[in-house]
Amino acid sequence: MSVYSFFFFFFKQKTAYEIRLSLVGSDLRILLVDDSAADLLITGKLIERQRPPDVTVRITEAGRLDAACEALRLERYDCVLLDLHLPDGRGVDNVGALRRIAGNVPIVVLSGSNDPSQAERTRSAGADAYVSKRPLRSADNIFQVIADVIERPEATPPGDKPTVTGPAV
């Protein structure tokens, strides 16, 4: 008989009140990097639905890695949401490419996989969090993940960053 163990790390669920207090009056700029029009639409709607009413969110979309790099060079963002599979980049290399340009801007990987080893590889490459897109339509805490990585102290070494795996529930 085989025994399998899977470990999933989740952020402590914050109440809407806690999120609202920490980001009150904020004007958040998010760079959403994904080549799927459907995923861009769904993710944008989830963020808009979950944001506290006194928080403004402005989302810039990029469908390619080179467009995301250019956007980071031109403007300041509070968070980057990154798909791992883009037309001009694949896998954890995307994280490294953006990390070199983004500096301390938090990067949240949105992936179609909920493989813990892939989550760990992205974290090692510089991602601050990892969220499985499947089933992204039912994600109830994508805004919480964004708020958590924005609030995290910049001095946190990459190896000490918590990882979110599995559906964001």
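**Helix α3**

I started with α3 (residues 65–74), whose buried residues are Leu65, Ala68, Cys69, Ala71 and Leu72. They span an arc of only 160 degrees around the axis, so they lie on the same side of α3. The arc is taken from the directions between the helix axis and the C-beta atoms. Buried here is under 20% relative accessible area, exposed is over 50%, and partly exposed is in between (1.4 Å probe, protein chains only).

Ground rules, for my own record: this is a predicted model, where local features need pLDDT of at least 70 and side-chain atom pairs count only at pLDDT 80 or more, while totals for chains, interfaces and linings use all residues. Residues are numbered from 1 along each chain as its sequence is written, and side-chain values use heavy atoms, with hydrogens and water left out.

Next I checked the face of α3 turned away from the buried side, and found the exposed residues Arg73 and Leu74 there. Then I asked what covers the buried residues of α3: the cover includes β1, β2 (56–62), β3, β4 (85–86), β5 (89–90) and α4 (92–102). Helices (H or I, at least four residues) and strands (E, at least two) are DSSP runs, numbered from the N terminus.

**Strand β3**

I moved on to β3 (residues 79–83), where 5 of its 5 residues are buried. Cys79, Leu81 and Asp83 point one way, Val80 and Leu82 the other.

I looked up its neighbours too; pairing takes at least two DSSP bridges between two strands. β1 (residues 27–33) pairs with β3 in the parallel sense over 4 bridges, and Leu32 stands opposite Leu81. β6 (residues 107–111) also runs parallel to β3, joined by 4 bridges, with Ile107 as the bridge partner of Val80.

Methods:
Contact means heavy atoms within 4.5 Å.
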